[in-house]
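Here's a quick briefing to read alongside the model. Have the sequence and the 3D view open as you go.

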Amino acid sequence: QVQLVESGGGLVQAGDSLTVSCAASGRPFTSYGMGWFRQAPGKAREYVAGISKNGANTNYAESIKGRFTVSRDNFKNTVYLQMNSLKSEDTAVYYCAATTLWIGIIIGQYQYWGQGTQVTVSS
């Protein structure tokens, strides 16, 4: 089993950049594909990005493609989500998640979840 702890959320202005991180502990980090999801108030949790176990493959939701970048450091057991050109509609709680698959692209493929970190974008 893996434990996930997100950090780096905060309040930013529209157009700003922010990077959120997720530190993993427990089983070897390279055992898991990793993903980022977000949930805005009153909305369902949605997929944002995924990255494969070795970091070679990534996948993005259309709504953030070109603005967000997912990466991982397998020596630091950490996955990152760099967010550029933030918009008010990016306001949400951001969650990282782990899957035993090479890479996950839908929410049902992820078995382990962090507690989330709030990102608020003011317009």
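The side chain of R38 makes a polar contact with the side chain of Y94, at 3.0 Å. A polar contact here is a pair of N or O atoms within 3.5 Å; within protein, one must be able to donate a hydrogen and the other to accept it, and residues adjacent in sequence count only if both atoms are side-chain atoms. This is a predicted model, with local features needing pLDDT of at least 70 and side-chain atom pairs counting only at pLDDT 80 or more, while totals for chains, interfaces and linings use all residues. Residues are numbered from 1 along each chain as its sequence is written, and side-chain values use heavy atoms, leaving out hydrogens and water.

**Around R38**

- R38 sits in strand β4, residues 33–39; strands (E, at least two residues) are DSSP runs, numbered from the N terminus.
- The R38 side chain also makes a polar contact with the side chain of D90, at 2.9 Å.
- R38 counts as buried because its relative accessibility is 6%; buried means under 20% relative accessible area, exposed over 50%, and partly exposed in between (1.4 Å probe, protein chains only).
- Leaving aside residues up to four places away in sequence, R38 touches a list of residues including A44, R45, E46, F68, D90 and Y94, where contact means heavy atoms within 4.5 Å.

**The four-stranded sheet**

- Four strands make an open sheet in the order β1-β3-β8-β7, with antiparallel pairing; two strands pair if DSSP finds at least two bridges between them.
- At the edges are β1 (2–7) and β7 (68–73), each pairing on one side only.
- From one strand to the next, the twist averages 20°, using axes that are lines fitted to C-alpha atoms and angles that run from 0 to 180 degrees between N-to-C directions.
- β1 pairs with β3 (residues 18–26) in the antiparallel sense, over six bridges.
- Which residue in β3 is the bridge partner of V2? That's G26.

**Positive phi in two loops**

- As a rule, most residues other than glycine have a negative phi.
- N77 has a positive phi, near 55°, and lies in the loop between β7 and β8 (78–83).
- Why does N77 count as partly exposed? Because its relative accessibility is 29%.
- S85 has a positive phi too, near 50°, and you'll find S85 in the loop between β8 and β9 (92–99).
- With 41% relative accessibility, S85 therefore counts as partly exposed.
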